[in-house]
Amino acid sequence: MNLDKVNKLQHMGLGPVWVRRHVVAAGIAASTGSGAASDQALDTGSAIGADAVAARASNDQQDTALAAMDWDVLEASIRECTRCGLCEGRKHSVPGVGDRAARWLFVGEGPGRNEDLQGEPFVGPAGKLLDNMLRALDLARGKDTYIANIVKCRPVGTDGRDRPPTPDEVDACMPYLRRQIALIQPQVIIALGKTAAVSLLGLPADTALAGLRGEPRDFNGIPLVITYHPAYLLRQPTDKAKTWRDLCLAKHIIDGA
Ligand code: URA
């Protein structure tokens, strides 16, 4: 393995697994981040938004207008959105960040506490690992990448902790992501974790992630690569190697485009 590659893997915290002893001795292994931030993993509680079903009927009427919005109108409508109950507790909605002509689109689940406070996706510990993953691919936030989420407002449980979005919350928010994808026209979409994967593929929420990885899928003609969520990787660092394989698959798609 050459030193450049060693450095890339170090960004994802894979170095200690793969770096040979003589490389470590050369002082390379100590030069990059470990991705070993404290684990602020998403809570998997199952609180349900109260009247999401009723809201869906009126949301359907807005979808035609939404599908024709430009970036500025789209972002403004995300910031003022009341399509589901998540708007009630938010400090900020989180439309997304990055290069609006990016080839790479990364899609997470939804904002957590830090993202709600700052209005930007992936700014907590999982975000640090995502930044390291980007660096391993010679990318960076805003450099040929766009980062978005399935839902734009923080799903928070009755216990005050982050939780996954309900199917109704996903349905209410998906038109925003669909419009973002249509505007960006990325060459590859990376689904970070199960919520992103099943929402983009229209599969039941209890579909296992493991069976979805490995082969590129399709989202409206765009290759969709499915991998683990960075928050999960903070809990299960041994799966970083599988994630690196998924990212290499995405890079292969980009390089062949
Ligand atoms: N987890 C996500 O899925 N998205 C974020 O923006 C932050 C954490």
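## Ligand site

A polar side-chain atom of Asn149 sits 2.8 Å from a nitrogen atom of the ligand. The protein covers 95% of the 240 Å² of accessible area that the ligand has on its own. The structure is a predicted model, and the distances and areas in this report are computed from it.

A polar backbone atom of Glu109 is 2.7 Å from an oxygen atom of the ligand, and a polar backbone atom of Phe122 is 2.9 Å from an oxygen atom of the ligand. The residues around the ligand are Gly108, Glu109, Gly110, Glu115, Pro121, Phe122, Asn149 and His229. By type, this shell divides into 2 nonpolar, 4 polar and 2 charged residues.

## Helix α7

Helix α7 runs over residues 125-136 and has 12 residues. From its first C-alpha to its last, α7 reaches 17 Å, close to the 16 Å expected at 1.5 Å a residue.

Most of α7 is covered, with 9 of its 12 residues buried. The buried positions are Pro125, Ala126, Gly127, Leu129, Leu130, Asn132, Met133, Leu134 and Ala136. Just after the helix, Asp138 takes a positive phi of about 60°.

## Salt bridge between Glu75 and Arg100

The whole structure contains 12 salt bridges. In one of them, the side chains of Glu75 and Arg100 meet at 3.5 Å, N to O. This pair links distant parts of the chain, 25 residues apart: Glu75 belongs to helix α5 (residues 71-79), while Arg100 is in the loop between β1 (97-98) and β2 (104-108).

Glu75 counts as buried because its relative accessibility is 16%, under the 20% cut-off. Arg100 has a relative accessible area of 34%, so it is partly exposed. Glu75 and Arg100 also belong to a network of salt bridges that links them with Asp72 and Arg79.

The side chains of Lys242 and Asp239 form a salt bridge at 3.2 Å, N to O. Lys242 is partly exposed, at 29% relative accessibility.

Lys251 meets Asp255 in another salt bridge, side chain to side chain, at 3.1 Å, N to O. Both residues lie in helix α11 (residues 240-256), 4 residues apart, which is about one turn of the helix. Asp255 counts as exposed because its relative accessibility is 53%, over the 50% cut-off. Lys251, at 31% relative accessibility, counts as partly exposed.

## Ala197 and Thr227

Ala197 lies in helix α9 (residues 194-201). Its relative accessible area is 0%, so Ala197 is buried. Ala197 and Thr227 are 30 residues apart in sequence, and their C-alpha atoms are 8.3 Å apart in space.

Methods:
Residues are numbered from 1 along each chain as its sequence is written. This is a predicted model: local features need pLDDT of at least 70, side-chain atom pairs count only at pLDDT 80 or more; totals for chains, interfaces and linings use all residues. Side-chain values use heavy atoms; hydrogens and water are left out. A residue is near a molecule or strand if one of its heavy atoms lies within 4 Å of it. A polar contact is a pair of N or O atoms within 3.5 Å; within protein, one must be able to donate a hydrogen and the other to accept it, and residues adjacent in sequence count only if both atoms are side-chain atoms. Accessible areas come from the Shrake-Rupley method with a 1.4 Å probe; for residues, only the protein chains shown count as cover. Ala, Val, Leu, Ile, Met, Phe, Trp, Tyr, Cys and Pro count as nonpolar, Asp, Glu, Lys and Arg as charged, and the others, Gly among them, as polar. Helices (H or I, at least four residues) and strands (E, at least two) are DSSP runs, numbered from the N terminus. The expected span of a helix is 1.5 Å times one less than its number of residues. Buried means under 20% relative accessible area, exposed over 50%, partly exposed in between (1.4 Å probe, protein chains only). A salt bridge is a side-chain nitrogen of Lys or Arg within 4 Å of a carboxyl oxygen of Asp or Glu.
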